[in-house]
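Biologist: Can you walk me through this one? I would like to start with a helix and then go to the chain contacts.

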Number of protein chains: 4
Amino acid sequence: MDAFVMRRIGEVGFMEKPVPDGPEPTGAIVRTTCALVCTSDTHTAAGAIGDRVNLTLGHEAVGVVHRLGSAVRGYQVGDRVAVNAITPDFHCANCQRGYPSQCQEMLGGWKFANTKDGVFAPYFHVNDAEANLAPIPDSLPDDKAVYACDMMSTGFAAAENAAIPIGGTVAVFAQGPVGLMATVGARLLGAGLVIAVESAPDRIELAEHFGADAIVDFTRTDPVEEIRRLTGGVGVDSAIEALGSQNAFEGCVKATRPGGTISNAGYHGEGEYVRIPRLEWGVGMGDKTIRTTLCPGGKERMSRLFRLLETGRVDPTPLTTHTFDFSDIDTAFAMMRDKTDGIIKPLIRFPA
Amino acid sequence: MDAFVMRRIGEVGFMEKPVPDGPEPTGAIVRTTCALVCTSDTHTAAGAIGDRVNLTLGHEAVGVVHRLGSAVRGYQVGDRVAVNAITPDFHCANCQRGYPSQCQEMLGGWKFANTKDGVFAPYFHVNDAEANLAPIPDSLPDDKAVYACDMMSTGFAAAENAAIPIGGTVAVFAQGPVGLMATVGARLLGAGLVIAVESAPDRIELAEHFGADAIVDFTRTDPVEEIRRLTGGVGVDSAIEALGSQNAFEGCVKATRPGGTISNAGYHGEGEYVRIPRLEWGVGMGDKTIRTTLCPGGKERMSRLFRLLETGRVDPTPLTTHTFDFSDIDTAFAMMRDKTDGIIKPLIRFPA
Amino acid sequence: MDAFVMRRIGEVGFMEKPVPDGPEPTGAIVRTTCALVCTSDTHTAAGAIGDRVNLTLGHEAVGVVHRLGSAVRGYQVGDRVAVNAITPDFHCANCQRGYPSQCQEMLGGWKFANTKDGVFAPYFHVNDAEANLAPIPDSLPDDKAVYACDMMSTGFAAAENAAIPIGGTVAVFAQGPVGLMATVGARLLGAGLVIAVESAPDRIELAEHFGADAIVDFTRTDPVEEIRRLTGGVGVDSAIEALGSQNAFEGCVKATRPGGTISNAGYHGEGEYVRIPRLEWGVGMGDKTIRTTLCPGGKERMSRLFRLLETGRVDPTPLTTHTFDFSDIDTAFAMMRDKTDGIIKPLIRFPA
Amino acid sequence: MDAFVMRRIGEVGFMEKPVPDGPEPTGAIVRTTCALVCTSDTHTAAGAIGDRVNLTLGHEAVGVVHRLGSAVRGYQVGDRVAVNAITPDFHCANCQRGYPSQCQEMLGGWKFANTKDGVFAPYFHVNDAEANLAPIPDSLPDDKAVYACDMMSTGFAAAENAAIPIGGTVAVFAQGPVGLMATVGARLLGAGLVIAVESAPDRIELAEHFGADAIVDFTRTDPVEEIRRLTGGVGVDSAIEALGSQNAFEGCVKATRPGGTISNAGYHGEGEYVRIPRLEWGVGMGDKTIRTTLCPGGKERMSRLFRLLETGRVDPTPLTTHTFDFSDIDTAFAMMRDKTDGIIKPLIRFPA
């Protein structure tokens, strides 16, 4: 089969690979029907997590069960399934502690396109299938369900970690796809005022579409001052970092009121340190909490995300600004890397 | 009366002041019997929170109710009481949100020797007395009860914030009086292994006395590596910063396992930023939580701290390395500032 | 002034009373503009909490500050304010523990029309005014703001206590005004499926209006079986009891899956016991949690409820099925007692 | 091999069975070295969970890995291991929700001597071995480690569920082995006052040994009144039910202050209902929370329980009042059923 791989740092392309063997007793092989390209794929290809040789890229995909391990109960070949970007074993100490995204070691639940081949191929392998295969309800099309694999799970987790009091105030720094889903998540979880910090006009438009009550364009105003103004001088109950930059992180700490929560979802890719502004952190005594997340996986969470799609609470498909056949994924990938043509998420369709 | 004041930055001394007026309907005047000097008093005198002119110092004291406001119910003149270092009004929005230490504004519950006269005087004023006067049980002597005002409340809060799982592992960075009480707190809250990071021999001895299972002397070994070794390579569930330094904070983040909690109790007094080591923080996705605290006050918490003293769970009096009459508090203050003669906490006795 | 009182068990009517004195330094007197009658007022008048003689009824009202105690900061005579049904002192041990509705003693935050005169009068007294006066934003009319005093606060608290996972399933037993607001609350807090249990056609219509995804009419089907069917056989994550009956409570326990939460908001007025069905409770080992609530008060929560009204998240005014002048409150009261003419909430207007 | 089985309701005895086959890829076979008899084994044999035919009894055991499934990583034949009484698969929806004791269905994590053969045999089978085999540290003897399988895990979970504030007050109803471990757990988790309710002199003695501050003998005094008296009239913060009786449960609800927590660990074996006293429950509005537990399993928790044994926080071996060879387990079983000779826990030793 043709797989779309990272050949080495800075070089991607198609490569012939065999359909995955097996699987082992607890695994499964899924035939891919639909995938999304994530900005983090382009970071990986650029070397963010070190070199990888001929590793298949991609971690957001849905498909059909092709083969099942002998010990996997509750599924049948032919079942439509989604697989979260993060595939923990759910058996290790960190999983049992309640941190499956940190399976075995820090960030260890992240296996696709990191420690094993990803999903940009006609078939992909799923470890611990009984825990990680999420059946897709009949009413949900693949191109909607695929948003549960990462964008919804990560964006909503950012909101869940933000400890939003009912009717509380939330600022979401950056409105890329994760930030937009964090905006949706903040609305879903009872925020009374959601402030989106963004400057790109098309993303501002989407932020408003997804329920932001106010927009702060940080190129026109100091975002911390503007957030304070919008909250009667006190700052927000919760701030969500959805970018992975020092500026955004720092803005979150400054914009949050004492006793509030900073929820970090952004991948911080540079520098030795991420810096907390000392005074606005209350010199370490301001009761501000800083939390982080990595996309939570597992079929149970996926079933709840699907329910939100089924009952119409959320429709993430406006994020799909472009659609490509798998044979053209190199174009999608390049556009995602360069953020051209107002791209938010490119949907990849696989031949039946 | 003679009060011990900060005249201006860098200068302290006695000064004649009138016994406090009033009080207002909700306040009280307490006659001081016993106090402790805190290192933070010396920081304040050195200018850490800006200039103060002729402000009475001190925030750890017990005494006897001298006068009561007309609206204060449940107390009588002559009652033995302790008053926490932090005296919130318990009525403002932050108090109602559950963050009384941030009363009205960040750190706003800290009033003694900050926004009003402190307790180093024969009489002191207590705002919102019905919430802040804590009756001392008959079985408790003043020189033990006074430890509830700050040392126990802050140190234990650091442990409470640390989200220690039962039988979990905890590292406490620095074994000054707050760190020692954090060590006690970690033991009280079910830690299975408490690692104390310290280099001063007398503090190491106290750490062992108060229940530390292991000592890491950071002058002899890399504390992060040693903590990893002591925890089978995984790091601690919880780390407590009890110093207020970049090194200790950074060590906490590095020594904590994914999904763990860093609980900051130290007052960070320098620099524009406190820095999070990016990689060991899981690039913002490692499920590590950073929390902070400022000594929680209020009579209800004080009653629980007193219970721990009454039933013998804790005896903080080994912290009292020196005792002075109030007329000699200037000596105690200088020793605390310079940390001479192995001083941990100097107890100040007031004339009857 | 004319007050609408409970003369004795079973007898209500108007009575001349003086405008309240004072207030004391921490209190306030409010001139009433708008109120709501609650079913619990009719229970009180019928003797549910024992006899009361000439006690002014009512606990849901908004108005204008008429006089202020000398120690009350941050308000002015003439301010438009709402006062929650529950008016804790926020200073007692239970308040400091985080349970202000249980001020001083069980249910002790409930003072209006219980331990002091209520709000069905042209003027009413507010204790601990600085904590309990909630300024009404200019954009909110009185007849909308008044719903924050009890209906929204109680119904939403029922949903908050229900520990709803994002996208989770919730059943709300009974769709009276509190149940309807619990339905809204469950939607606000991220439920993926809200099932309303009700049989009255007009309440079913309102439940659908307020966002219920499915209706279970317990007169036509066994509600527990139907809820199981609607949830793929597993039961709901969370069940809310909004009636105060054995049947509804029992249904909640039975309809909840293991590890789920039963949130009780109903006032259970009869019998020595409320009974937990033993087997469906997992013989005491099923990880089901039963929580209860009494309308949470305080200006901070009120400000968040007002925000939800301001940003249009909620519009409770469809609950207002009838409107009366204060002089006709006896008619409103009788209709509420007898539940005639499809009454949900009667709004009472006071002369300017 | 000889297994000790329940032949049918009311009849137990030895029976020849083959050493377990396999195991399957994810399972393991353990050679038993040491076990404990639990009162619930005698309930099972008496028919409490219905009939079972020739089912091996027992759920508390440690041993040595005899054979390992092909997919089990991280263990070797010959490793000393403990296996918790509850062996979830950690992959199902309930496990992923955080309720592994409710694996697949209510109480579904309880497999030994319920849905599969138990541990009273020279060899026993372990499902999902990678999650359920808990390596025993070299420093711990088998006869101490075996207490982690149920007694410590259940008793401590009861305390963890009790939401004890630091320095808070706790009442533990009944001081059988689970109640005694709940007493230890309450001490471990920071309770300032632990009140043990018990009447048997030998259990009272053990309660005092394990750290109870006060004993309430319910045959001599009304326990609720006495607990109120011991807590200054307000009741305890937390009450633990460690018996499974209506009287104890009811006492817990009554003895708990508003806003407190009732933690149920007892198995309620009789009647259609367990009854909540309505008035003391605050008519459903008293902010009292009722939680339940079933012994939490998994190797991660076991490792923390072992740490508490290793660092000497707990020594449960005083519970071992009697020791038997496996060939005499019928005697131990009969004594446990009839509670003769002051038996608390009989330790069963298996031939090497």
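Modeller: Just after α6(A), A:G190 takes a positive phi of about 100°. Helices here are DSSP runs of H or I of at least four residues, and strands are runs of E of at least two, both numbered from the N terminus. This is a predicted model: local features need pLDDT of at least 70, side-chain atom pairs count only at pLDDT 80 or more, and totals for chains, interfaces and linings use all residues. Residues are numbered from 1 along each chain as its sequence is written, chains are lettered from A and ligands numbered from 1 in the order in which they are written, and side-chain values use heavy atoms, with hydrogens and water left out.

Biologist: Is α6(A) mostly covered or mostly exposed?

Modeller: Mostly covered, as 11 of its 12 residues are buried (under 20% relative accessible area; exposed is over 50%, partly exposed in between, with a 1.4 Å probe and protein chains only). Among the buried ones are A:P177, A:L180, A:M181 and A:L188.

Biologist: What should the 12 residues of that helix span?

Modeller: The expected span is 1.5 Å times one less than the number of residues. For residues 177-188 of chain A that gives 16 Å, and the end C-alpha atoms are 16 Å apart, which agrees.

Biologist: Next, chains A and B. How many residues are in that contact?

Modeller: Chain B gives 48 residues and chain A gives 48 residues, where contact means heavy atoms within 4.5 Å. B:Y273, B:R278 and B:M285 supply 17% of the area that chain B buries against chain A, more than any other three residues. Buried area is the accessible area (1.4 Å probe) that two parts lose on being put together, summed over both. For chain B and chain A the figure is about 4,100 Å², 56% of it on carbon and sulfur atoms.

Biologist: How many salt bridges are there across that interface?

Modeller: The rule finds 2 between chain B and chain A, a salt bridge being a side-chain nitrogen of Lys or Arg within 4 Å of a carboxyl oxygen of Asp or Glu. A:D237 and B:R97 meet in a salt bridge at 3.8 Å, N to O.

Biologist: And what does chain A bury with chain C?

Modeller: About 1,900 Å² is buried there, with carbon and sulfur atoms giving 56%. On the chain A side, A:I166, A:R307 and A:R313 lose the most area to chain C, together 36% of what that side buries. A:R313 also forms a salt bridge with C:D213, the closest N and O atoms being 2.7 Å apart.

Biologist: Which residue does D:R313 pair with?

Modeller: D:R313 forms a salt bridge with B:D213, with the closest N and O atoms 2.7 Å apart. B:D213 lies in the loop between α7 and β11 of chain B and D:R313 in the loop between α10 and β16 of chain D, so the pair joins two chains. D:R313 is buried, at 16% relative accessible area, whereas B:D213 is partly exposed, at 31%.

Biologist: Change of topic: which residue does C:R301 meet?

Modeller: C:R301 and C:E160 meet in a salt bridge at 2.7 Å, N to O. C:R301 lies in helix α10 of chain C and C:E160 in helix α5 of chain C, so the pair ties together parts that are 141 residues apart in sequence. C:R301 is buried, with a relative accessible area of 8%.
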